Amino acid sequence: MQTKEASQESEIKQVIRSLCMMNNRFMNFMLDDNKKAAQVFLRIILGDDKIKVRNVRIQSFIRNIYGHSSQLDILAQDSKGRYFNVEVQRSDEGAPARRARFYSSILDTHFLQPSKLYEELPDTYVIFITENDVLRDNLPLYDIRRTIKQSAKDFEDGSHIIYVNSQRRNNTALGKLMHDLYCTEPKNLHYQEFAERMEFLKYSKEGEEKMTDVIEEYAARKAEAAAKAVEEYAARKAEALAKEAEKKEQTNRIELAKGLLADGMSIEFTVRHSKLSEAEVSELASKLTA
């Protein structure tokens, strides 16, 4: 028979092994300080095999002293000084156009130092990986640029917004990457750079220890579920007790009404003292005289 601790440990392992990269927390662990995996990721999405990732950070908090601050899921920089912000969005509400615009602008304000010229503003890429096709044109990828309306030429300001539709999983490089985002087993991944990392995170003691916040999130969900179950049970119990008390009170009213009617009291008197309705008392009176 399993001990409570062994059962809990087994449950945690199952939770960890059920995770895929479409879980943004797990994606963070897959790419955190993992330049090889981030490089494959960005090269495929941007169609550029020359991207060389210099560094990768997760959960980068960018403070905006004038308004809304943001915490970016994944922030990478390449050898050309370009910045790439990758966000995993499973909810359509999490990927509106204006959020992409805001993330693009906050990268600009953060990375242009006071002494720098506008020409030194680095190119930025905001990449939303969405569970559904939120832009609804049935495309695998949406590369969004500012254009000059009258000439349809690109307005080259260095800002890029990209939406990737993860539902398009086919035999292309991008389709295979989208397939890998939903895989839970390293052996089923197309790209070795992801397989190695997933193997480490899911099947080594060091990897499991590294994912402490996933485990904490799991524990928090369990505690929340337990608290909700207790709350629901208490509510059902209170409702049942209230119904039982109401039923008992109604029985007492009926017995009182019967006694008053049997003693010859009028319907009006009985209604007033038994707290039953006139219709209920009249029905009782008719049964007594039947």
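Author: Points join across faces, edges and corners, and volume is the space filled by probe spheres set on them. This is a predicted model, where local features need pLDDT of at least 70 and side-chain atom pairs 80 or more, but totals for chains, interfaces and linings use all residues. Residues count from 1 along each chain as its sequence is written, and side-chain values use heavy atoms, without hydrogens or water.

Reader: How many cavities of 30 Å³ or more turn up?

Author: Two, searching the whole structure. The largest cavity holds about 50 Å³, and its lining includes Arg145, Arg146, Asp154, Phe155 and His160.

Reader: And the largest pocket, how much space lies in it?

Author: About 260 Å³. It has 15 lining residues, with Arg101, Ile144, Arg146, Ser159 and Ile161 nearest its centre.

Reader: What gives the most to that lining?

Author: Helix H4 (residues 97–111), with six residues. Strand S8 (159–165) supplies at least two as well. Helices (H or I, at least four residues) and strands (E, at least two) are DSSP runs, numbered from the N terminus.

Reader: Stay with S8. How many of its residues are buried?

Author: Seven of its seven, buried being under 20% relative accessible area (exposed is over 50%, partly exposed in between; 1.4 Å probe, protein chains only). On one side sit Ser159, Ile161, Tyr163 and Asn165, and on the other His160, Ile162 and Val164.

Reader: Which way do S4 and S8 run?

Author: Parallel, joined by seven bridges; strands pair if DSSP finds at least two bridges between them. Ile129 has Val164 in S8 as its bridge partner.

Reader: What does S4 do with S3?

Author: S4 (residues 124–130) and S3 pair in the parallel sense, over seven bridges. The partner of Glu87 in S4 is Phe128.

Reader: Why is S3 largely enclosed by the rest of the structure?

Author: Because seven of the seven residues of S3 (residues 83–89) are buried. Tyr83, Asn85, Glu87 and Gln89 cover one side, and Phe84, Val86 and Val88 the other. In a regular strand, side chains alternate between the two faces of the sheet.

Reader: Switching topic: which residues have the most contacts inside the largest nonpolar core?

Author: Phe41, Ile45, Ile127, Ile129, Leu177 and Phe194, in a core of 43 residues. The largest share, seven residues, comes from helix H3 (residues 35–46). A core here is a set of buried Ala, Val, Leu, Ile, Met, Phe, Trp, Tyr and Cys residues joined through side-chain atoms within 4.5 Å. A second, separate core of 14 residues includes Leu107, Phe111, Val126 and Tyr163.

Reader: What is Phe194 in contact with?

Author: Beyond its neighbours within four places in sequence, Phe194 is in contact with residues including Met21, Met30, Phe41, Leu177 and Asp180; contact means heavy atoms within 4.5 Å.

Reader: And the whole chain, how many helices and strands?

Author: There are 10 helices and eight strands, and 36% of the 290 residues are buried.

Terms used:
A crossover is right-handed if, with the strands pointing away from the viewer, the path from the first strand over the helix to the second runs clockwise. On a 1 Å grid over the protein atoms alone, a cavity is a set of points where a 1.4 Å probe fits but cannot get out, and a pocket is an open set with protein on both sides within 12 Å along at least five of seven lines; lining residues have an atom within 4 Å of a point.
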